[in-house]
Amino acid sequence: MIEIINGVVNNSVKKITDFTPDFFAGLVILLFGIVVANIIKKIVTTLLVFLKIDSLLQRTKLVAKNHVRTLIDTIAEILKWAIIIVFLIPTLEVWGLSKATVVLNQLLWYLPNVIIAIIIGFIGLVMGNLGSNFVLQSVKTGNNLKLANTLAVTTRSIIVFFTTLIVLNQLGVAQDLIRILFTGIVAMLTIAGGLAFGLGGKEIAKELLEELKKKIA
């Protein structure tokens, strides 16, 4: 019995002793990656702030300054974690956890989609505000402020809705369902527009045909 216990203890001690150098080697790689990631995050954030992108967009009055700052911080944070994952993969290899690296590789390849989706969402927000302001200024000239506000909000909501669909498609969330929904909405708008033009422009088309008949005759 004592021999069995000694054998288990010795085996455990040997495994710990053998793993200790690999553990510290992997830890050094990971800590170095964390330092590099934080430095790059600081550089990216400082560079974007130095370019004064937030101030430039704020002058257009299309987006709030804090929204731009949030976008910059989010992208910088994602880049930071992407770099940490890059260093975490060899760390896990050193620790003998090769199977876990498969998941991290998939996550690493997915992160660019997240960054692109965030940028698309931000552009959609800007375009929504731009469309809303354009409609508001165009309709407001008719002194119908309530109608102008309603159309402006509707325009912004439509742009944000379609932007959301594009973002979800970029993230790979229910892509088939989004394609079907997008196709259905486009078809619905096309049919509705065709019917509206057909019913509303019937008299105009009739007049044009009558004039054409007179000219031929």
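## Close-up views of a predicted helical chain

**View 1. Ser98 in helix H4.** Ser98 has its place in helix H4, where helices (H or I, at least four residues) and strands (E, at least two) are DSSP runs numbered from the N terminus. This is a predicted model, in which local features need pLDDT of at least 70 and side-chain atom pairs count only at pLDDT 80 or more, while totals for chains, interfaces and linings use all residues. Residues are numbered from 1 along each chain as its sequence is written, and side-chain values use heavy atoms, with hydrogens and water left out. With a relative accessibility of 35%, Ser98 counts as partly exposed; buried means under 20% relative accessible area, exposed means over 50%, and partly exposed lies in between (1.4 Å probe, protein chains only). When residues up to four places away in sequence are not counted, Ser98 touches Leu92 and Glu93, a contact being heavy atoms within 4.5 Å.

**View 2. The whole protein chain.** The protein chain has seven helices and zero strands, and its pattern, read along the sequence, is α-α-α-α-α-α-α. Of the 217 residues in the protein chain, 21% are buried. Among the contacts in the protein chain with a separation of 6 or more, 66% are between residues 24 or more positions apart. The accessible surface of the protein chain comes to about 15200 Å², and 73% of this surface belongs to carbon and sulfur atoms; accessible areas come from the Shrake-Rupley method with a 1.4 Å probe, and for residues only the protein chains shown count as cover.

View 3. Ala117 is placed in helix H4 and counts as buried because its relative accessibility is 5%. Leaving aside neighbours within four places in sequence, Ala117 is in contact with Val167, Gln170 and Leu171. Ala117 and Thr164 are 47 residues apart in sequence, and their C-alpha atoms are 9.3 Å apart in space. Ser132 also lies in helix H4, and this residue is buried, with a relative accessible area of 12%. Not counting residues up to four places away in sequence, Ser132 touches Ala152, Val153, Thr155 and Arg156.

**View 4. A nonpolar patch on the surface.** Ile119, Ile123, Met127 and Leu130 form a nonpolar patch on the surface, and together they have about 340 Å² of accessible area. Patches are made of residues with over 30% relative accessible area and no salt bridge, with like charges joined within 9 Å and nonpolar side chains (Val, Leu, Ile, Met, Phe, Trp, Tyr) within 5 Å. A salt bridge is a side-chain nitrogen of Lys or Arg within 4 Å of a carboxyl oxygen of Asp or Glu. Ile119 belongs to helix H4 (residues 98-139) and counts as partly exposed, at 35% relative accessibility.

**View 5. Aromatic pairs.** A search of the whole structure finds two aromatic pairs. The rings of Phe32 and Phe87 have their centres 5.7 Å apart and their planes at 70 degrees, so this pair is edge-to-face. Rings of Phe, Tyr and Trp (its six-membered ring) pair if their centres lie within 6.5 Å, and planes under 30 degrees apart count as stacked, over 60 as edge-to-face and the rest as tilted. The pair links distant parts of the chain, with Phe32 in helix H1 (residues 2-50) and Phe87 in helix H3 (residues 65-94), 55 residues apart. Phe32 is exposed, with a relative accessible area of 51%. The rings of Phe161 and Phe162 have their centres 5.7 Å apart and their planes at 80 degrees, so this pair is edge-to-face. Phe161 counts as partly exposed at 37% relative accessibility, whereas Phe162 counts as buried at 18%.
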